[in-house]
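Me: I'm new to this one, and I'd like to go through it slowly with you. Could you put it up so that we can start with the ligand?

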Amino acid sequence: MICIPIIASTMEDALKDTEEASSVADCVELRLDCIKKPDLRLLLERCTKPVIVTNRPVREGGMFDGSEEDRVALLKLALELQVDYVDIEHDSRDRVQCSPESKTKLIVSYHNFRETPDNLMDIYRKLRQSHADIIKIVTYARSITDNIRIYQLLQEGMGTTPIISFCMGEYGNISRILYKIFGSYLTFASLRSGKESAPGQINIHEMLNVYQIRRHNKQTSVYGLIGNPVSHSISPIIHNTLFTEMGFNNVYVPFKVDVIDDFIKEFKKLDIKGYSVTIPHKESVISCLDGMDPLAEKIGAVNTIVNKNGRLFGFNTDCEAAIRTLESVDQASDEEVKTHGGLCGKRVAILGAGGVARAIAFGLKGRGSQVTIFNRNDERSRLLANEADCDSGKLCDLPARQIDILINATPVGMFPGVNETPVDKNILKPNMIVFDTIYNPKETKLLRDARDKGCITIGGMPMFVHQAAAQFKLWTGKTPPLEVIGKIAYKGLPA
Ligand code: NAP
């Protein structure tokens, strides 16, 4: 069940929002504590879906700052009116009695806006003694692994009193999205951005259109993106759309991860079927894996993980994706472009020495290109040059170099730093191929400068499309149509 809380300060707004929420949600929570002079009867008339009545005091993260008598009086009225659910805070449970004949279900709730406390199971056991029809435990996630503790709580409670439980905050997003897989009675979604009743609440449109949560069930397999940050990623919209269109009962979610070892160890409990890996974990994740594809091992960076019967194997789809992107320049109809045919013997300058630079350096060496690595940290560029059997250079020497292909494999120029560029415009020469691996924005400052200088420019999106398609194939065995991925990806980016 998806429940939309009504967060409005006036009755006029509350009535409008209640009508709108009734048309999309399975259930509506009337947050009486937010409304000045709430008229419960009128609100109930407008609501066509089951209703939770809540009158949350300030001490539990709500807005009601009047007397406890006045607060509880509104909840008693809700019971008299036989609303579907009344939410009563755990420390006020004794103040509200529900007759055995009442149709109303009592939700006894505990909220913690600071953390997911160590004594979570004690809190749960205490709430079980409260004769609740439904137990609600909502905590704040300070780390992604707090979600696993909520999952274990829900598993422990399976088959007994129904439980609503999830984590607040950005780290807790996945417990909201995966509520059916976790086993929570319901999840909350805001009516729209700005109408959240708690930190980290996702809006209903994202829940329905990006994560497609209506089609999830207990058998849904979970995939996701490991990285930090992850909130800007367009991978969820791409993989979730492909899963639906190609008939897979799978879901793809973002995992904001700080400590990779803890994450991998704890999330084995959820049996995640596959991961994409992005900044900053492409190299550090390797020590947590059970096996590596030879190409990924050679490159020393993993952007895809496949779970084979509980064992995690690392792959690299960036390498082939970047090479295919560069080779596709060959197939362009423009005569000028055609003269650049083939990568063999081309003098290539790669900016950066991280995961993507590694993948491209090894890929281009395999095609016979003359590769030089330039990086802010010289030591790292020398190390990569040594491993990939190519050269390294100092950034200050770049202007004197003869370059056929310049590749940006750093985040310089990426959203939101869209006015930054990794190199001075003067080093760009007509007919040079300039490939920026950044895909957001679609055209970076580097590419704008390169276009001005008469270079052949390639954005990061074709590479992104190829690597996503290869990932999808590793997970499902099926090749998705590239044009579908491209269309979704371009739609998912800001104009
Ligand atoms: P990474 O492993 O963290 O490496 C980042 C590299 O960029 C490092 O060499 C780092 O230098 C350098 N760098 C970071 N900030 C810099 C700055 N302010 N100035 C100069 N150099 C800087 O990241 P990655 O996974 O390789 O990703 C790199 C970029 O590739 C991303 O930003 C993303 O836009 C792009 N990418 C594209 C695709 C695609 O499919 N199109 C896929 C993945 C990534 P130090 O060694 O000195 O720290």
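Reply: One term first: a residue is near a molecule if one of its heavy atoms lies within 4 Å of it. This is a predicted model, where local features need pLDDT of at least 70 and side-chain atom pairs count only at pLDDT 80 or more, while totals for chains, interfaces and linings use all residues. Residues are numbered from 1 along each chain as its sequence is written, and side-chain values use heavy atoms, with hydrogens and water left out.

Me: OK, how many residues surround the ligand, and which are the closest?

Reply: The ligand is surrounded by 23 residues, and the closest are Ala-353, Val-356, Asn-375, Arg-380 and Thr-437.

Me: Which helix gives the most to the shell around the ligand?

Reply: That is H17, with three residues; helix H14 (355-366) and H17 each supply at least two. Helices here are DSSP runs of H or I with at least four residues, strands are runs of E with at least two, and both are numbered from the N terminus.

Me: Tell me about H17, then. Why is it largely enclosed?

Reply: H17 is largely enclosed by the rest of the structure because 12 of its 16 residues are buried, where buried means under 20% relative accessible area, exposed means over 50% and partly exposed is in between, with a 1.4 Å probe and protein chains only. Among the buried residues of H17 are Met-461, Phe-464, His-466 and Trp-475. The helix covers residues 461-476, and Gly-477, which follows H17, has a positive phi near 80°.

Me: Switching topic: where is Gly-413, and is it buried or exposed?

Reply: Gly-413 is in the loop between strand S18 (405-408) and strand S19 (433-436), and Gly-413 is buried, with a relative accessible area of 1%.

Me: And the chain as a whole, how many helices and strands does it have?

Reply: The chain has 18 helices and 20 strands, and 56% of its 495 residues count as buried.

Conventions: Expected span 1.5 Å × (residues − 1).
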